[in-house]
Amino acid sequence: TDAASKLLKAPSPRIFLFDEQTGELVEHTPGSDSNRFPADRGMLGWAGRHGQIITVEDVARNHTLADLPSEDATPWKACAPLVFGQNVLGVLGVDTLEQHNPEFDRLLYIVANFCAVAINNGRTYERAAEMARRDGLTGLLNHATFQSKLAEMLTEAKNTDRPVSLVISDVDYFKHFN
């Protein structure tokens, strides 16, 4: 959002990602309270559903879009989908501009694409990190994760002068349960 703010001359661009379980757009702007918005209404929803940038100028030129701004809690200047591959991950919303730049639409497109790549890379990293912590067959946390968590607990117990207990159990013929 810092880079988007500088490039677009927009003081507070906001990032919304689709929640696959609820179908809502959830705000993921640093410092936000994870505000939720319906993904089927307003300029935010339109950009996400159609995979296209929409601006207030587009709304003014096309009477079929005239009701969109009234459906949003925020009066958006522009909304751009965050597209990676064929998937729309979310929407970048711009509600205020410091100055109008004739290249704004092009810059918004570029910034939205960079955001989408960064979000996809972050998700890929999180999935890889989670796979490294768990056994591929059972889904249980692996030995390295156990050792790391145990070290954290022992350090915390020592620093807080609180006791810690550890119970280890062995399951015979574990493959029958697996």
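Select R162 to begin: with a relative accessibility of 60%, R162 counts as exposed, because the cut-off for exposed is over 50%. The model on screen is a predicted one. R162 sits in the loop that runs between helix 6 (143-160) and helix 7 (174-177). R162 and G23 are 139 residues apart along the chain, and their C-alpha atoms are separated by 44 Å.

**The whole chain**

Zoom out and colour by secondary structure. The protein has 7 helices and 6 strands, and their order along the sequence is α-β-β-β-α-β-α-α-β-β-α-α-α. Along the principal axes, the C-alpha atoms fill a box of roughly 70 × 40 × 25 Å. The radius of gyration is 23 Å, whereas a compact globule of 178 residues would have one near 16 Å.

Switch to a surface view. The accessible surface of the protein is about 12100 Å², and carbon and sulfur atoms account for 53% of that area. Of the 178 residues, 31% count as buried. Colouring by charge brings up 17 positive and 24 negative side chains, with the centres of the two sets 3 Å apart. Among contacts with a separation of 6 or more, 49% are between residues 24 or more positions apart.

Next, select residues 42-50, which form helix 2. Is this helix mostly covered or mostly exposed? Helix 2 is mostly covered, as 7 of its 9 residues are buried. The buried residues are G42, M43, L44, G45, W46, A47 and G48. Step past the end of helix 2 to G51, where the backbone takes a positive phi of about 65°.

Then select Q52, in the loop between helix 2 and strand 4 (54-55). The relative accessible area of Q52 is 44%, so this residue is partly exposed. Show the neighbours of Q52. Leaving out residues up to four places away in sequence, Q52 touches W46, A47, C79 and P81. Two of these, W46 and A47, are among the buried residues of helix 2. For one more distance, pick G93: Q52 and G93 are 41 residues apart in sequence, and the C-alpha to C-alpha distance is 12 Å.

Take F16 and F37 to start. Their ring centres are 5.2 Å apart and their planes stand at 85°, so this pair is edge-to-face. F16 belongs to strand 1 (residues 14-18) and F37 to strand 3 (residues 36-38), so the pair ties together parts that are 21 residues apart in sequence. F16 and F37 are both buried.

Now move to F16 and W76. The ring centres of F16 and W76 lie 5.7 Å apart with the planes at 85°, so this pair is edge-to-face. W76 is in the loop between helix 4 (68-71) and strand 5 (78-84), while F16 is in strand 1, so the pair ties together parts that are 60 residues apart in sequence. W76 is buried, as is F16.

The tour ends at F16, whose ring pairs with F37 and with W76.

How values were computed. Residues are numbered from 1 along each chain as its sequence is written. This is a predicted model: local features need pLDDT of at least 70, side-chain atom pairs count only at pLDDT 80 or more; totals for chains, interfaces and linings use all residues. Side-chain values use heavy atoms; hydrogens and water are left out. Rings of Phe, Tyr and Trp (its six-membered ring) pair if their centres lie within 6.5 Å; planes under 30 degrees apart count as stacked, over 60 as edge-to-face and the rest as tilted. Helices (H or I, at least four residues) and strands (E, at least two) are DSSP runs, numbered from the N terminus. Buried means under 20% relative accessible area, exposed over 50%, partly exposed in between (1.4 Å probe, protein chains only). The radius of gyration is taken over C-alpha atoms; the globule rule is 2.2 Å times the number of residues to the power 0.38. Contact means heavy atoms within 4.5 Å. Accessible areas come from the Shrake-Rupley method with a 1.4 Å probe; for residues, only the protein chains shown count as cover. Lys and Arg count as positive and Asp and Glu as negative; His and the chain ends are not counted. The place of a charge is taken as NZ of Lys, CZ of Arg, CG of Asp or CD of Glu.
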